[in-house]
Amino acid sequence: MSRRAWRIATHARAITTTSAARASTSTSASVERSNALLPNIQGKVIKTVITAVDHRNGIAIADTGVRTVATYKLAELDGEVAIGDVVEARVKWMNNPMGELDLEVKGLRAERERESIWRELISARDSGSVVKGRLLNAVNGGYAVGIAGVIAFLPMRAYRGRKPPTTVEAALREAKETGKKPESPVIGDLLGFKILKMTASGDSYRNIVVSGPLGGGSADRRGEAKRRERDARSWSASASKATTTDAPESAP
């Protein structure tokens, strides 16, 4: 093979290799952008980047990082957005009837807040901490308790009050007749509860079982006062004994 023919063949191989590499890179990018070959992200929250804002039509365009862009209504976004801002969205459908990625942003902030509250309640359950809640009303087998916007169940067997809960009107009437504060916890009062059990099934079903009330009721306040009084007497007796023991003996 002549030197000229060898150079032409080498140059042709180089062009073929470069073209193949470019094609491979392009194919890889296309694969990464294609939802069909990505892991299932339906129902997941993804981050998108705002690329254009059209205030006249009330929309914003965002890069989803996959195969298509997303169009948001400005009224559904949390506050003002600008180009370059990151907006989180939930994937409703990877392919809607139009073959597009269907995202939703409305109500996502409230959902994140609910998730945060749920995690805090799980932490309180695991640590045995007392959480604050309000007695709402009687239900079948117990009482409903509102805790941080979540309705919990207080079974009758886990009820810790001396007497059944009473209403504000009944408590005022009892206080007026007897001249004493009622022993029953008042419905609507902020009281302490302990979480016994938490179960969840998706976003629509979440159940919390609590015991209580603990603290806040008149009976609990009296019990706490008696405990402090006993501690004070015990400390006073111990201090008096220590003083007698340390006193120097008188000379004969």
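**Briefing: fold, cores and salt bridges of a predicted chain**

The chain contains four helices and 10 strands, assigned as DSSP runs (helices H or I of at least four residues, strands E of at least two) and numbered from the N terminus. The structure is a predicted model, in which local features need pLDDT of at least 70 and side-chain atom pairs count only at pLDDT 80 or more, while totals for chains, interfaces and linings use all residues. Residues are numbered from 1 along each chain as its sequence is written, and side-chain values use heavy atoms, with hydrogens and water left out.

**Overall organisation**

- Read from the N terminus, the order of elements is α-β-β-β-β-β-α-β-β-β-α-β-β-α.
- Of the 252 residues in the chain, 26% are buried; buried means under 20% relative accessible area, exposed over 50%, and partly exposed in between (1.4 Å probe, protein chains only).
- Among contacts (heavy atoms within 4.5 Å) with a separation of 6 or more, 48% join residues 24 or more positions apart.

**Nonpolar cores**

- A nonpolar core is a set of buried Ala, Val, Leu, Ile, Met, Phe, Trp, Tyr and Cys residues joined through side-chain atoms within 4.5 Å.
- The largest such core has 19 residues, and Leu 121, Val 145, Leu 154, Phe 193, Ile 195, Ile 208 and Val 210 have the most contacts inside it.
- At least two residues of this core come from each of helix H2 (108-127) and strands S6 (130-139), S7 (142-147), S8 (150-155), S9 (190-201) and S10 (205-211).
- Strand S9 contributes the most to this core, with four residues.
- Beyond its neighbours within four places in sequence, Ile 195 is in contact with residues including Leu 121, Ala 124, Val 131 and Ile 208.
- A second, separate core has 17 residues, among them Tyr 72, Leu 77, Leu 101 and Leu 103.

**Salt bridges**

- The whole structure holds two salt bridges, each defined as a side-chain nitrogen of Lys or Arg within 4 Å of a carboxyl oxygen of Asp or Glu.
- Arg 125 pairs with Asp 126, their closest N and O atoms being 3.0 Å apart.
- Arg 125 is partly exposed at 30% relative accessibility, whereas Asp 126 is exposed at 58%.
- Glu 183 and Arg 162 form a salt bridge at 3.8 Å, N to O.
- This pair links distant parts of the chain, 21 residues apart: Glu 183 lies in the loop between helix H3 (168-178) and S9, and Arg 162 in the loop between S8 and H3.
- Glu 183 is partly exposed at 28% relative accessible area, while Arg 162 is exposed at 59%.
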